[in-house]
Amino acid sequence: DDFEDDGGDGGGGGGGGGGGDDGGGDGGGGEGGVNDERRAAADEGITSFNLDARRRPVAEPQLCASLFGLKIVSLSAGYGHNLALSADGRVFSCGYNDRGQLGLGHRINCTEFQYVSALEGVFVCQIACGQAHNLARTTDTRPSHPFDIAAKDKEKEKGAPPLTVPSAAAAADGSGGDCGGVYVWGNGSLGQLGLGRRVTGRRVPVLLPALSHNGVRIVDVAAGNNHSVAVSDRGEVWTWGHGEYGQHGGQASVSTNDLVDAFHYYQPRPLLVDPGVKVVQVECGSCFSLGRTESGDVYSWGWNGHGVLGHGKGYFSHAPTRIAALGSVDRRAVSIAAGANLCAAVVETSQCPIQYRYLLDQCHDAAAELGLGTCDVVIRVPGSKKPFFGHRIILESRCRFLQGYLRAAEQDHGCVEEVFDTDDEPSRRMLSVVLETEHASATTMAALLVYIYTEKLEVPPHKLKVRVALPPGP
């Protein structure tokens, strides 16, 4: 039964011959069907398959000899199979093939990487493996440089014909090949291929028509155990496949919910996210998904087993929800990743943790007579004609040293100046302070203000001793 066709109602047992929409059954089944598959594979030059597939743990990394000579730029792993993407847009596969997930046209396991010839003529730029299905995103951007000799020789051995680059005229009229789409293959019994309820699997990659026919240009794809997600260049999220655990969000109406209409998500459907949110990257775990937005926020939806949605223990909501801990005024997510039951995010923190840099810019503008902004304090040091501007609420809360000077100046009515912002604006009352300390200078005062506003020390190395000698600051 391991090699019976999984398409339609014709498969099964030893003699099912039909096979539905998966491209026909295996005909004979049993030992004869297996031999037919072996002969077909041998005709294609595939000799490294193993019908008696046994699991052999590999405790240490080993170099993959079947990819020698190829420049591999991306890898993806499913439950028992792997995909490799080369720099020239070609896909290679190896591993379990019981559901046709290797895309080679048969269901014989392969212990070495084989070229997926069904993708010849398109340039693949991204691959994603589910449990036993795959997605490949293509692009119309193709390389124009020749490949190295070693890569060519290796590809010839694997039966991969040379890549032809379409002419400019062919690219302009669309006749030069694919212009960006999603190819799917492998197991589709739960709708994870997006080809409809009658297709339960594909042994070779096929273009997903539901996205290409709608004029949708996909910029990212991801695959979970048995569901798939894609993002368009407009920031829209499309999702399809198994939905029993809320993998498609929970904002759809009851009449189209997967629990009511089990086949609704056998084709790509748009995911409802908060208005104005533009998603640029998606990742899938076993039964959940993550989406990173253009602004650096991360949304999660699906099953919250092991707390993978990032909202705490016991959280339950299928609707895409922003993960508050990953996005704020001082941090933004720049990349996300998901395993079966865990997630990770690379978060970029601001160069200015206190987020007062824009206010410090106002201080500099005021000193350069470009406008006072919201400054309400002017500070002077002996021996320098340059005034330093600031904001009293920040200076007092961040620096005890200046706090005493400012409060003393407030008691002295003679320390209030009338300062004109611009010729068209009325004067502004500014609290004026003169720092008469031993080490006060233009250099140390400028460094002190930068540190107060940004927690960064910007001072020439030869002036550090002078800065350290100042009274305790923030």
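1. A nonpolar core here is a set of buried Ala, Val, Leu, Ile, Met, Phe, Trp, Tyr and Cys residues joined through side-chain atoms within 4.5 Å. Please keep in mind that this is a predicted model.

2. The largest such core has 30 residues, and those touching the most other members are Leu 395, Leu 402, Leu 435, Met 445 and Tyr 453. Two or more residues each come from α5, β19, β20, α6, α7, β22 and α8. Of these, α8 is the top contributor, with 6 residues.

3. Leu 435 deserves a look of its own. Beyond its neighbours within four places in sequence, Leu 435 is in contact with residues including Ile 379, Val 381, Phe 401, Tyr 405 and Ala 440, and also with Leu 402 and Met 445.

4. A separate core of 15 residues lies apart from the one above; Cys 110, Val 122, Tyr 183 and Trp 185 are among them.

5. Now to β14, residues 288-293: is this strand covered on one face or both? Both are covered, with Phe 288, Leu 290 and Arg 292 buried on one side and Ser 289, Gly 291 and Thr 293 buried on the other.

6. Glu 283 stands opposite Leu 290, and a hairpin of 3 residues joins the two strands.

7. β14 also pairs with β15 (residues 298-302), again antiparallel and over 5 bridges. Here Ser 289 has Trp 301 as its bridge partner. The hairpin between β14 and β15 has 4 residues between the strands, and Gly 296 takes a positive phi near 95° there.

Technical notes: Residues are numbered from 1 along each chain as its sequence is written. This is a predicted model: local features need pLDDT of at least 70, side-chain atom pairs count only at pLDDT 80 or more; totals for chains, interfaces and linings use all residues. Side-chain values use heavy atoms; hydrogens and water are left out. Buried means under 20% relative accessible area, exposed over 50%, partly exposed in between (1.4 Å probe, protein chains only). Two strands pair if DSSP finds at least two bridges between them. Contact means heavy atoms within 4.5 Å.
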